[in-house]
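Student: Could you take me through a structure today? I would like to ask about it piece by piece.

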There are 2 protein chains.
Amino acid sequence: MPKELNAKSPENQVPTMLDVARRAGVSAMTVSRALKKDGRVSDATRERILAAVNELGYVLDQSAGSLSSRKTGFVAAIIPSINNSNFADTARGITDELENTGLQLLLGYTDYTAEKEEKLIEAMLRRRPEGIILTGGTHTDHARRMLESAGIPVVETWELPPKPIDQVVGFSNEEAMALLVRTLARKGYRKFGYIGGTTSRDTRGSQRRAGFVKAIEELGLPPGRLVSFGVPPISIEQGGQAVVGMLERWPDTEVALCVSDLSAFGAVMECKRRGIRIPQDIAIAGFGDFEIAAYCHPTLTTVNVDCYGIGKQAARKLIQSIKGEDNGLSQEIILTSYRVVERESA
Amino acid sequence: MPKELNAKSPENQVPTMLDVARRAGVSAMTVSRALKKDGRVSDATRERILAAVNELGYVLDQSAGSLSSRKTGFVAAIIPSINNSNFADTARGITDELENTGLQLLLGYTDYTAEKEEKLIEAMLRRRPEGIILTGGTHTDHARRMLESAGIPVVETWELPPKPIDQVVGFSNEEAMALLVRTLARKGYRKFGYIGGTTSRDTRGSQRRAGFVKAIEELGLPPGRLVSFGVPPISIEQGGQAVVGMLERWPDTEVALCVSDLSAFGAVMECKRRGIRIPQDIAIAGFGDFEIAAYCHPTLTTVNVDCYGIGKQAARKLIQSIKGEDNGLSQEIILTSYRVVERESA
DNA sequence: GCGCGGCATGATAGCGATAACATACATGTC
DNA sequence: GACATGTATGTTATCGCTATCATGCCGCGC
């Protein structure tokens, strides 16, 4: 503990509202009122109370308050990883939208596993959030049950779950990847490869892969060459290794689509290191439009997703539901935009 | 709310421990005991209770529990940005160390401003964390006062604050940057430039810059060329713009050191785009050893910092203090390691 | 002068869990 | 069989705050 502690509070005790009340010569209830914006307290009293608060270094105990008022003042958001700028943008969108609502964000990450997600959801629900934002639509049965009986609004994001729990703000990863394939096919590419992770842990990755396969079929192109490499989320390094493997096995591949910009970036850099020209020898495209995609050399063709907007809109829906402005539209699904960004690499 | 809600709980009410107790035919206290690992309850009773929990979809209300037990079961950590893989690594270190302690992490970010930090600290303290981890040693007076009277252990990280609040886990950013300068001077570089942000919002950035200036002076080299560009944290794009500005003003610059790997990466890519050879025409070095540093082309010379270890050790200290294994060593300062990683760019 | 509405403040009763103590019953010891 | 010991469970009293209702006071109109 800070050494100053004992000097400040002789009994080694954090002051309570009652301490403040006594010092200001009022009741605890009046202190409580003085500390909220809508409290009706005379100016003189409020001043005395705020002075006492300052002298004691008092900080409201919100956990006690929320037990009484049955409002905890926070919402939970669960993302796969904080080390991914797409999800960080979503988190930022949520935070921005929450600003000035008095709600705080409690953030957790799952490392892309449903088990961690389940544990995290339970840990969050124990603290009684007023709403919860999830990434993706795949959850364990137990997680679904807990969410359904929690009595709070739930928003699933980043995908279009076949069986939504409650509300949805997202887009079809399958369609987005298919759009990328069609766009590149129109540019003349015919021999497509796909680089992604090995397991289905990353459901959005699986959906993108499915969209790739579907689009290739629909266009009547030669079957796509699928490389699975590494446990999702696959890294920059793994992207480089994967593209090497792809070129060894199928040297005539014309364009490699990657599950994310990070792996695409790794692939591009590894090719440059080996003197393989991009896009002449092989074209490469990513997914997500991370900041590096626009500034690496060559710049990266990719699919831009409205990450920030997903967060903003998810938070907005949640706030509406919490405030009861729901109008029974809770099952409405909000589609967010995506678009192919054509740059130098493909 | 999920539509299934009404089907599950007719009164639209989340069940409490008492509901579970009644259903299992025991008292609330026995339910409480059955739900914690160390609770002493007969197997038969526990089974009945767990069945009731399942049927009702009951989830413990931790905010009520912590009011009673005076333990909230979480620690707070405040980082400048979640969109920075260095701090994300620190967060991961904290989470990993917290695993199996029963403590949860509540994460917040300040966008590098002391005002947001102050608001965030107050918001966190309201929820009564059992400990708090901060980034950096610069805080508003009010923030310091709140932390000092909160009665919980505090760990400041990533720097060596001149006036620590409590405990410290970090390193000297000044010394680390000076080490980079000395290392490169030994390789023969003499005309040094420095690229960083414009304001002092990023205290670690300012310290690195100071270390740069100091080392140049001590080595008796020509005065360093300082470019300030953009509000911290400076982006990839701004790194590229800054290096262009530097070369316009001081075309003979031999090596540019950047406040972080992101700006260094931007500088490298912009040079490649312009046909400026690295490191022959200009050498570039970064700071932080982000993943891209090792895999971009050319690979980036940088300073590796033990981000993950900072998080691990900060959490470990915190846990010790919380458990009271403090031994009065609370003022001990833990130094974490850093080292120059020489790669292709300088 | 009486009653009324409006405002500032106080008193009381929980919110949902757990700590601490109390109780009941089974087991073991001599 | 009496008593100590131990285990499983229940009872009661908070934890620190806020919702709700009660109170007292002021000024106003008729």
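Tutor: What follows is a conversation about the parts of this structure. This is a predicted model, in which local features need pLDDT of at least 70 and side-chain atom pairs count only at pLDDT 80 or more, while totals for chains, interfaces and linings use all residues. Residues are numbered from 1 along each chain as its sequence is written, chains are lettered from A and ligands numbered from 1 in the order in which they are written, and side-chain values use heavy atoms, with hydrogens and water left out.

Student: Which residues come nearest to DNA strand D?

Tutor: There are 24 residues around DNA strand D, and Met17(A), Ser32(A), Tyr58(A), Thr45(B) and Arg70(B) come nearest. Here a residue is near a strand if one of its heavy atoms lies within 4 Å of it. Sugar and phosphate make up 65% of the atoms of DNA strand D that come within 4 Å of the protein.

Student: What does Thr45(B) do with a phosphate oxygen there?

Tutor: A polar side-chain atom of Thr45(B) is 2.4 Å from a phosphate oxygen of DNA strand D. In Ser68(A), a side-chain N or O atom lies 2.7 Å from a sugar or linking oxygen of DNA strand D. The elements giving two or more residues to this surface are helix H3 (28-34) and helix H5 (62-69) of chain A, together with helix H3 (28-34) and helix H5 (62-69) of chain B. Helices (H or I, at least four residues) and strands (E, at least two) are DSSP runs, numbered from the N terminus.

Student: And which element gives the most?

Tutor: H5(A) does, with five residues.

Student: How do the residues near DNA strand D divide by type?

Tutor: They divide into nine nonpolar, 10 polar and five charged. Ala, Val, Leu, Ile, Met, Phe, Trp, Tyr, Cys and Pro count as nonpolar, Asp, Glu, Lys and Arg as charged, and the others, Gly among them, as polar.

Student: Now the other strand. What surrounds DNA strand C?

Tutor: DNA strand C is surrounded by 24 residues, of which Thr30(A), Arg70(A), Met17(B), Ser32(B) and Tyr58(B) are the closest. Of its atoms within 4 Å of the protein, 65% belong to sugar or phosphate and the rest to bases.

Student: Where does Arg33(A) come in?

Tutor: An N or O atom in the side chain of Arg33(A) is 2.9 Å from a base nitrogen of DNA strand C. The side chain of Arg70(A) has an N or O atom 2.3 Å from a phosphate oxygen of DNA strand C. The largest share, five residues, comes from H5(B).

Student: What does the UniProt record say about residues 15-69 of chain A?

Tutor: The UniProt annotation, from an unreviewed entry, is "domain: HTH lacI-type". UniProt positions are given in the numbering used here, feature names are shortened, and annotations may be inferred rather than shown by experiment. The span is 67% helix and 0% strand, and its end C-alpha atoms lie 21 Å apart.

Student: A change of topic: is Thr302(A) buried or exposed?

Tutor: Thr302(A) counts as buried because its relative accessibility is 0%. Buried means under 20% relative accessible area, exposed over 50%, and partly exposed in between (1.4 Å probe, protein chains only). Thr302(A) is in strand E10 (residues 302-305) of chain A.

Student: Which side chain does Thr302(A) contact?

Tutor: Its side chain makes a polar contact with the side chain of Asp261(A), at 2.7 Å. A polar contact is a pair of N or O atoms within 3.5 Å; within protein, one must be able to donate a hydrogen and the other to accept it, and residues adjacent in sequence count only if both atoms are side-chain atoms. A polar atom of the Thr302(A) side chain also lies 3.1 Å from the backbone nitrogen of Phe287(A).

Student: And why does Glu248(A) count as exposed?

Tutor: Glu248(A) counts as exposed because its relative accessibility is 64%. Glu248(A) lies in helix H11 (residues 236-249) of chain A.
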